[in-house]
Amino acid sequence: MTGPFDGVRVIEVASWTFVPGAGAIMADLGADVIKVEPPTGDPQRGLRNGLNADESAPNPFLQVPNRGKRSITLDLSAPAGLAILRRLTKSSDVLLTSYLPKVRAKLGIDIADLRPLNPRLIYVCGSGWGSGGPLADTGGFDSAAAWSAAGIQYKLTPPGADEPVPQPAAFFDLQGSSAIAGAVAMALFRRERTGTGGTVDVSLLATGMWTMSPDLTASAAGSGELPRPNRRDAPNPIVNTYRTQDDRWINLVCLQADRFWPELCELLNRPELAVDPRFRDTPARFANRVACIAELDRAFFARPLAEWRGVLAGFSGVWSAAATFEEVCQSEQVADNGYLPEITGADGRPFRVVAPPYQFDGVPTAPAGPAPEIGQHTEEVLLEFGMDWDEISDLRDGGALG
């Protein structure tokens, strides 16, 4: 099947996860993504934490944002290295960068430097804080620029907690990656109509704020101090979480509460709750929500999760168990939709990665291959762009290729 980005050439001058993640999505969907790395490589290649402590296993911080790409090494501070990038840019569709404005200007890779070479170029900047304001030239990872600065950490940390809730790894980097990939598709569509390129700017701060739009819109309207999650005082008791006998959790999301309340009470073997004057309709359950939640706490705690899966299998309301990562990886629903495809690593061993959240024409999206080694495709790419082996040898001897 032809991918949505088939025939699109992307030059990626970016590191870490946020912007490279967008390149990975585009590669999964057919683009030829050429990752331009400094001779020392993307610094994320050396990142080590609890998720990749086993060096014999695939490194998620390498594979997730870099699978399916080709890697070349260029020293952009060297005139010959910069000349190669300019040559690549002339016949490419998109340039992705996470470099800060001062760095782009110093290297000579800003939009003003590259647009004259290729008026059809889509120039994409991913930043922590946005292109304007006092932090425009300040670096920012997602846990600072989105999780903290957009209000999410404050919202999710219960009042009086001993410590704030930490952000999962790359949580907003990957949401921002999806935003960048979507914006690039829009920019390419506009180019088809106008014939000219354009610029795209996506920031982690904006990504975090978009995620928190309801709260921020209410706050901007002067709504005062907004409530933070408190399951014992939830306004709708059946939009809430409940602990099971084996210390698992069930998440109910029954927004049309009056529609689902009687059925749920029957399944819980507590039909009397449906006609209890304190709980019989939405206003009554809201007024008596603490007591209602306490009754539901007792009901759900009476069985282990495995039994509840059977009891709730036919429930017409929306619910889910809080899944472990192992359960997600073993899920029939995930497998049947192709959400966790298998690819083969450079060492010949298969492993699985998460597919982008898009499918076209009913075909699951699968990565074209694993993440490249540093500079794995340098000679291959330069030969494609018209250089010969003597030129490449001279460039390497001169240090432009690292």
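This is a predicted model: local features need pLDDT of at least 70, side-chain atom pairs count only at pLDDT 80 or more; totals for chains, interfaces and linings use all residues.

Residues are numbered from 1 along each chain as its sequence is written, and side-chain values use heavy atoms, with hydrogens and water left out.

**Stop 1: aromatic pairs**

Rings of Phe, Tyr and Trp (its six-membered ring) pair if their centres lie within 6.5 Å; planes under 30 degrees apart are stacked, over 60 edge-to-face, the rest tilted. The structure holds seven such pairs. Select Trp 16 and Phe 141. Their ring centres are 5.3 Å apart and the planes stand at 85°, so this pair is edge-to-face. Trp 16 sits in the loop between β1 (9-13) and α1 (18-28), and Phe 141 in the loop between β5 (122-127) and α6 (142-148), so the pair ties together parts 125 residues apart in sequence. Helices (H or I, at least four residues) and strands (E, at least two) are DSSP runs, numbered from the N terminus. Trp 16 is partly exposed at 28% relative accessibility. Phe 141 is also partly exposed, at 47%.

Next, select Trp 147 and Phe 172. This aromatic pair is tilted, with 6.4 Å centre to centre and 50° between the planes. Trp 147 belongs to helix α6 and Phe 172 to helix α8 (residues 171-194), so the pair ties together parts 25 residues apart in sequence. Trp 147 is buried at 4% relative accessibility, and Phe 172 is buried at 1%.

**Stop 2: arginines**

A charge sits over a ring if NZ of Lys or CZ of Arg is within 6 Å of the ring centre and within 35 degrees of the ring normal. Select Arg 289 and Phe 286. The charged end of Arg 289 sits over the Phe 286 ring, 4.3 Å from its centre. Then try Arg 303, which lies over the face of Trp 308 at 5.3 Å from the ring centre.

Move to Arg 285 in helix α13 (residues 282-287). Is Arg 285 buried or exposed? At 1% relative accessibility, Arg 285 counts as buried.

**Stop 3: salt bridges**

A salt bridge is a side-chain nitrogen of Lys or Arg within 4 Å of a carboxyl oxygen of Asp or Glu. The count comes to 25. Select Asp 32 and Arg 70, whose side chains meet in a salt bridge (2.8 Å, N to O). Asp 32 is in strand β2 (residues 32-37) and Arg 70 in strand β3 (residues 70-73), 38 residues apart. Asp 32 is partly exposed at 24%, whereas Arg 70 is buried at 12%.

Now select Glu 327 and Arg 248. They form a salt bridge, the closest N and O atoms being 2.7 Å apart. Glu 327 is in helix α16 (residues 325-329) and Arg 248 in the loop between β7 (239-243) and β8, 79 residues apart. Glu 327 is partly exposed, at 28% relative accessibility.

Finish with Arg 9, Asp 32, Arg 70, Glu 380 and Glu 384. Salt bridges that share partners join these residues into one network.

Conventions:
Buried means under 20% relative accessible area, exposed over 50%, partly exposed in between (1.4 Å probe, protein chains only).
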